[in-house]
Amino acid sequence: MDQTKTPLFTALKEHAGRNPVQFHIPGHKKGVGMDPEFREFIGDNALSIDLINIAPLDDLHQPTGVIEESQKLAAAAFGADHTFFSVQGTSGAIMTMILTVCSQGDKIIVPRNIHKSIMAAIIFAGAKPIFLKPVRDENLGIDHGVTTSSVKRALERHPDAKALLVINPTYYGVCANLKEIVDIVHSYNIPVLVDEAHGVLIHFHDKLPMAAMEAGADMAATSVHKLGGSMTQSSVLNIREGRVNVRRAKTIISMLTTTSTSYILLGSLDCARRNLALNGHMMAERALELANYAREEINRIPGLECFGEEILGTEATYDYDPTKVNIHVRHLGITGYDAENWLREHYNIEVELSDMYNVLCLVTPGDTRENIDILLDALRQLSEENYNIRQANELVIKIPKIPQLALAPRDAFYGDTELIPFKESADRIIAEFIYVYPPGIPILLPGEVISQDLIDYITEHIDVGLPVKGPEDRSIEYVKVIVEAPAIF
């Protein structure tokens, strides 16, 4: 296919060039009816293509024209049989995958360090999660992926599962052997779903981990906006025919998608696909060079560590994406959260995330040597102010056991509930989420039993300022639990 074409974006520009008289939404009518300051800042070009699904521009919910052509070009670029555009982010694509294969009571095998959108879909479907425990890195204090052996054990115990979902790569850029996992799962004739939110570039460079479609996965939710150059909230759902019902997936993604689809987002997806298809290798190569330069220099800074190829060699660390630059700050005697705030206050640097011991920086095709040098200068000063001045924190891995799932997540979420003090909630069944965002990994899920260890673990995160979220009570002083009927004597 001719990857130089941008059918949708070209149609949008041509439509804007005709300057039609609009008697349809959006009501700002090319910016005339909106706040002047916002219009001036956004620009008339963008506002001229902020349109709806009128005939010349096709309809994302039932594409037969330029959107359909754009999606076919994307499928060819990503090595998929079908690609659907998502303006609901990768979360919408992830939810589509799960709702396509799972119904009420169905089992789905998932890693514990999943994004919250996966659990949302499990609740909507009424499915039952079978959790795989990710491998904890004792040196860094982070989770990697799941092992091939844990996948085998899960399939032996739950051969009736409707799907297995894996993360490739993890937020920190580490991968298990995806091809081996796919082959094992397929031997049970079970589909493999892949959360590929941080993996758009891996499709275009052989120095990056294997992409989901190349590994033979059945469905993959891939963020184009995170690393591939489209606008925030724009992603794709890639599908391989055979084990999943493509028509059902198309129906479900439509059910989850607004009817007022953003043509600015769709147009950016169309153009990002073209850029990746034509220049993806060069883009990834540039990002790799900058990331490897950053990693080499960071490892020269006293008190800082940035893992590279030395991390490889286990089932959970089969491969990694070097563009994820993880900076381990424990030896400076500060937390990752402290480092994030310091970088913001002193150098106007914003990072992707921080946790107890690490700061994660993403190096993308949008970076320059100048950007990287600013980060390095900042980290050198951070080291000077803290190394051998503050006492290094002892790395304490206090990850509680995966809680007991006492009630189906859907039943707990929609059950009879009451609010009680969180610190007094041990042994109760939680009816809401508690997670750390970013990256959105759940600590407690609806239907799980709250343990004292989990209360202590969450409280510690809150005390050091890490972003614990989820409950309706944002202070997490109170938590929603299932009402328990008192014993009758």
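The following legends describe close-up views of a predicted model.

View 1. Seven strands, in the order E1-E10-E9-E8-E6-E2-E3, form an open sheet with mixed pairing. Strand E1 (82-86) and strand E3 (128-132) each have a single partner strand and stand at the edges, so one side of each lacks a neighbour in the sheet. On average, neighbouring strands of this sheet are turned by 20° against each other, direction ignored.

**View 2. Pairing of strands E2 and E6.** Strand E2 (residues 107-111) runs in the parallel sense with strand E6 (residues 163-167), and 2 bridges join the pair. Within this pairing, Ile108 stands opposite Ala163 in E6.

**View 3. Helices H4 and H10 on the sheet.** Helix H4 (residues 66-78) packs on the sheet and touches E1 as well as strand E10 (235-239). The direction of H4 makes about 115° with that of E1. Helix H10 (residues 246-255) also packs on the sheet, where it touches E1, strand E9 (219-223) and E10. The direction of H10 makes about 5° with that of E1.

View 4. A search of the whole structure finds 0 disulfides; the criterion is a pair of cysteine sulfur atoms within 2.5 Å. For Cys175, the closest cysteine sulfur is that of Cys306, at 16 Å, which is too far for a bond. Cys175 is buried, with a relative accessible area of 1%. For Cys361, the closest cysteine sulfur also belongs to Cys306, and the separation of 8.6 Å is again too far for a bond. Cys361 is likewise buried, its relative accessible area being 9%.

Terms used
Residues are numbered from 1 along each chain as its sequence is written. This is a predicted model: local features need pLDDT of at least 70, side-chain atom pairs count only at pLDDT 80 or more; totals for chains, interfaces and linings use all residues. Side-chain values use heavy atoms; hydrogens and water are left out. Two strands pair if DSSP finds at least two bridges between them. Helices (H or I, at least four residues) and strands (E, at least two) are DSSP runs, numbered from the N terminus. Axes are lines fitted to C-alpha atoms, for helices over the stretch in contact, and angles run from 0 to 180 degrees between N-to-C directions. Contact means heavy atoms within 4.5 Å. Buried means under 20% relative accessible area, exposed over 50%, partly exposed in between (1.4 Å probe, protein chains only).
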